[in-house]
Amino acid sequence: TTVTLPPGAGTLRRWLLEPATPPEIRERQEAVEDLAGRLDFRQNLEGKGRVLEIPDPASIQRFLEWAEEEPFLSGRPWIVFAARLIPVLTGGLVLAQWVGWVSGPWWVSGLALGFVFATHFRSKIHPLMERASGGQERFGRYAEVLKILLEAPLEAPALRRIQEDVRSSPVGAERELTRLARRVAWSDVRYSAMAHTPLQALFAWDIHSLAWLERWKARSGSHVRGWLEALGTLDALSALGALRGDHPDWSFPEI
């Protein structure tokens, strides 16, 4: 029997090397017994794990650090305020020229101001976006495995607790990862000069994109590590459940 996810390998390795208390052992045994009789669930979980491209641990670690650290914009609300004000100013200048209040295209200066203002923070913002984007692309591969976990009618207390841990964010892990993917896609516009340049000039796009990512982080960033640990625990228990299912006559000691 084998684990199929990197978090599961780490969890099983730790269990084999570190002693557990009798209550922990009995709880794991109960979970293993539950999973031993759930062949379809175990095979579905293993199948999804085997077809996943193994995420880069370094990228996952950078993503976890980004998710848990203080948001860049939280102590700088004036940046977001200015990013909202500049497009309003530009729109006002366009309207002023259209109705004849001003004679020249002063709105061009608004576009230039928006572009220069947003670009000024690029050296700070883009590395943060890179960490969020790289981690989401890799961590997001676990979304289908999380879905399998959440939909399973598990009964053992340890397994039910894992499910609750994954549901710990306001709308659940799978939906939160979907939301993050959408926000990362908005930030990835920076890779297209044809789209990014006008959006940067019109709306200070990078600043708004980072604000959307950091609103996600404020809501769910503290839960990400727990989701990863829950997957590791489930994968390790499932591997032991497969061993129990394949060899029901093997010793299952009373603690």
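## Pockets first

A pocket here is an open set of grid points with protein on both sides within 12 Å along at least five of seven lines, and its lining residues have an atom within 4 Å of a point. Keep in mind that this is a predicted model.

## The second largest pocket

With that in hand, start with the second largest pocket, which has a volume of about 290 Å³. Its lining takes in 14 residues, and those nearest the centre are W15, E27, R161, I162 and T233.

Which helix supplies the largest share of this lining? That is α13, with five residues. Helices α1, α2, α9 (157-166) and α13 each put in at least two. By class, the lining of the second largest pocket splits into seven charged, five nonpolar and two polar residues.

## The largest pocket

Now for the largest pocket, which holds about 420 Å³ of space. It's lined by 17 residues, and R28, Q29, V32, L240 and F252 sit closest to its centre. The elements giving two or more residues to that lining are α1 (6-17), α2 (22-36) and α13 (224-246).

In this pocket, α2 gives the most, with four residues.

## A helix pair: α5 and α6

Two packed helices are described by the angle between their axes and the distance between the axes. For α5 (residues 77-99) and α6 (residues 107-120), the angle is about 165° and the axes are 8 Å apart. Angles over 145 degrees count as roughly antiparallel, so α5 and α6 are roughly antiparallel to each other. Their crossing is left-handed.

Which residues make the contact? From α5 come W78, I79, A82, A83, I86, L89, T90, L93, V94 and Q97, and they meet W107, S109, G110, L111, L113, G114 and F117 of α6. Sorted by class, the contact of α5 with α6 has twelve nonpolar and five polar residues, with no charged ones.

Definitions and conventions
Residues numbered from 1 in each chain as written. Predicted model: local features only at pLDDT ≥ 70, side-chain atom pairs only at ≥ 80, totals over all residues. Heavy atoms only, no water. 1 Å grid on protein atoms, 1.4 Å probe; cavity = no way out; pocket = protein on both sides within 12 Å on 5 of 7 lines; lining within 4 Å. Points joined across faces, edges and corners; volume = space filled by probe spheres on them. Nonpolar A, V, L, I, M, F, W, Y, C, P; charged D, E, K, R; others polar. Axes fitted to C-alpha atoms, helices over the stretch in contact; angles between N-to-C directions. Parallel < 35°, antiparallel > 145°, perpendicular 65-115°, else oblique. Left-handed = near helix turned anticlockwise from the far one by under 90°. Contact = heavy atoms within 4.5 Å.
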